Amino acid sequence: MIYLDNAATMRVFDCAICAAENVMRNEYFNPNATYKSGVAAHEKIEAARRVIASAMGVFPDELVFTSCATEANNWVFNSGIKNKKGNIVISAGEHSSVYEPAMQLKSKGADVRIAPLRKDGTVDEKALYGIIDNNTALVSVIHVSNETGVINPIKSISENIKKLAPRALIHSDGVQGFLKTNDTVSSLGVDFYSASAHKIGAPKGIGLLFIKRELNIAPLIYGGGQERGLRSGTQNTPYIEAFASAVQEFSRLCESSNIQSIRNELCECFTAQGYRIIGNGNNSGYILCVCVPGVKAEILQNIAHDDGVIIGKGAACSGTKRGNRVLSAVGLDQKSIESCIRISFAVDTSKSDVNNAAKIIIQAAERIRSEHVG
């Protein structure tokens, strides 16, 4: 089976499994206990935090571990807005874990403004700046689109927002950008940045929120005071260890990865078939959104699966919903949206697997078309 739905989740690295298993079997102590084994467990958490912070280019005390990025995103919208009467700005390309919290605030009377997308999938920066004012409290723009893989220029966006609204806080959902672009989080100029471990080879159930050092944010969970009092509850030590291990392995593999060139070759292959690539020239090497004319993505996905290739048809979290909010914002009509597949790569996806998958996908599409004509 060739697995090409890594934007939904990645296979867990063996080293991450071993790291988690070692903690669960041998170093299972409560990291908040005061005896030596507990103190040692706590130090393992802090060592893991330092590993991840180093990879992100931030200070360790700027990272708070969460259960997932959805939790981190919700936290920002529920607790990260200082000016409660200020307006909130998001892009039309946001993941549902940003869009839905924003809509919840809107239903309670908040002034929520949405910046449109360009045809290439990036946020329309001119329109974005046009709806920001001195009363803007929070701006959230996704780093890398989970639907199209397009990369938003967060660094320049942050710089311009700070000029327009110096008091505004800036958040970026970094789930598909974490370790997958050349940017360090510190270079982006954001106040908040969320990430999820299972997108880079760690288990599901652990994520983080970057909170810029000088910011004060209300705790997410009150209780025993863990995570600097911001998120109480006994830390998930096994998965935190696995997270750090996966960060190291992903970073190591990135040094020899040729994912971008593999993606580019696949683009050329599909374009030659008359398929439409959604995005622009500045897309992540890890995500490819393709419109296959005359073919319903759901049927193509199922046939490809039976033939040994797993692909997505948009974000997994929206798989049960009709339509696609982000692709609609890009300007696609419903028929085109229903023909879009999402192919996403792991850092160690091989060229031969992608070439074989391309043949299977093209053959499956031709079969669907011939059966439809017949």
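Modeller: Take serine 172 to begin with, which stands opposite tyrosine 193 in S7. Keep in mind that this is a predicted model.

Biologist: In which sense do S6 and S7 pair?

Modeller: S6 and S7 pair in the parallel sense, over three bridges.

Biologist: And how many bridges join S7 to S8?

Modeller: Five bridges join S7 to strand S8, residues 207-211, and these two run antiparallel. Serine 194 stands opposite leucine 209 in S8.

Biologist: How many residues of S7 are buried?

Modeller: Five of the five residues of S7, 192-196, are buried, so the strand is largely enclosed by the rest of the structure.

Biologist: Which residues are on which side of S7?

Modeller: Phe192, Ser194 and Ser196 are on one side, and Tyr193 and Ala195 are on the other. All of these are buried, so both faces are covered. In a regular strand the side chains alternate between the two faces of the sheet.

Biologist: What is the order of the strands in the sheet?

Modeller: The order is S2-S8-S7-S6-S5-S3-S4, seven strands in an open sheet with mixed pairing. S2 (63-66) and S4 stand at the edges with a single partner strand each, so one side of each has no neighbour in the sheet. From one strand to the next, the twist averages 20 degrees.

Biologist: What about S5 and S6, how do they run?

Modeller: S5 and S6 run parallel and are joined by three bridges. Leucine 138 stands opposite leucine 169 in S6.

Biologist: Which strands does H3 touch?

Modeller: H3 packs on the sheet and touches S2, S3, S5, S6, S7 and S8. The direction of H3 makes about 160 degrees with that of S7. Helix H6, residues 154-164, also packs on the sheet, touching S5 and S6, and its direction makes about 160 degrees with that of S6.

Biologist: What is found in the loop between H6 and S6?

Modeller: Proline 166 is found there.

Biologist: Is proline 166 buried or exposed?

Modeller: Proline 166 is exposed, with a relative accessible area of 57%, and the cut-off for exposed is over 50%. Proline 166 and asparagine 135 are 31 residues apart in sequence, and their C-alpha atoms are 9.7 Å apart in space.

Biologist: Different topic. What should the span of helix H4 be?

Modeller: H4 has 12 residues, 96-107, and at 1.5 Å a residue it should span 16 Å. The end C-alpha atoms of H4 are 16 Å apart, which agrees.

Biologist: What do the buried residues of H4 pack against?

Modeller: They pack against helices H3 (69-79) and H11 (325-330), and against strands S3 (87-91), S4 (112-115), S5 (136-140) and S6 (169-173). Among the buried residues of H4 are Val98, Tyr99 and Leu105.

Biologist: Which residue has its charged end over the ring of tyrosine 99?

Modeller: Arginine 325 does, with its charged end 3.9 Å from the centre of the ring. The charged end of arginine 213 sits over the ring of phenylalanine 59, 3.8 Å from its centre.

Biologist: Last topic, rings. How many aromatic pairs does the structure hold?

Modeller: The structure holds five aromatic pairs. The rings of phenylalanine 270 and tyrosine 275 have centres 5.3 Å apart and planes at 35 degrees, so that pair is tilted. Both of these residues, phenylalanine 270 and tyrosine 275, are buried. Ring pairs also link Phe65, Phe178 and Phe243 into a cluster.

Note on methods
Residues are numbered from 1 along each chain as its sequence is written. This is a predicted model: local features need pLDDT of at least 70, side-chain atom pairs count only at pLDDT 80 or more; totals for chains, interfaces and linings use all residues. Side-chain values use heavy atoms; hydrogens and water are left out. Rings of Phe, Tyr and Trp (its six-membered ring) pair if their centres lie within 6.5 Å; planes under 30 degrees apart count as stacked, over 60 as edge-to-face and the rest as tilted. Buried means under 20% relative accessible area, exposed over 50%, partly exposed in between (1.4 Å probe, protein chains only). A charge sits over a ring if NZ of Lys or CZ of Arg is within 6 Å of the ring centre and within 35 degrees of the ring normal. Helices (H or I, at least four residues) and strands (E, at least two) are DSSP runs, numbered from the N terminus. The expected span of a helix is 1.5 Å times one less than its number of residues. Contact means heavy atoms within 4.5 Å. Two strands pair if DSSP finds at least two bridges between them. Axes are lines fitted to C-alpha atoms, for helices over the stretch in contact, and angles run from 0 to 180 degrees between N-to-C directions.
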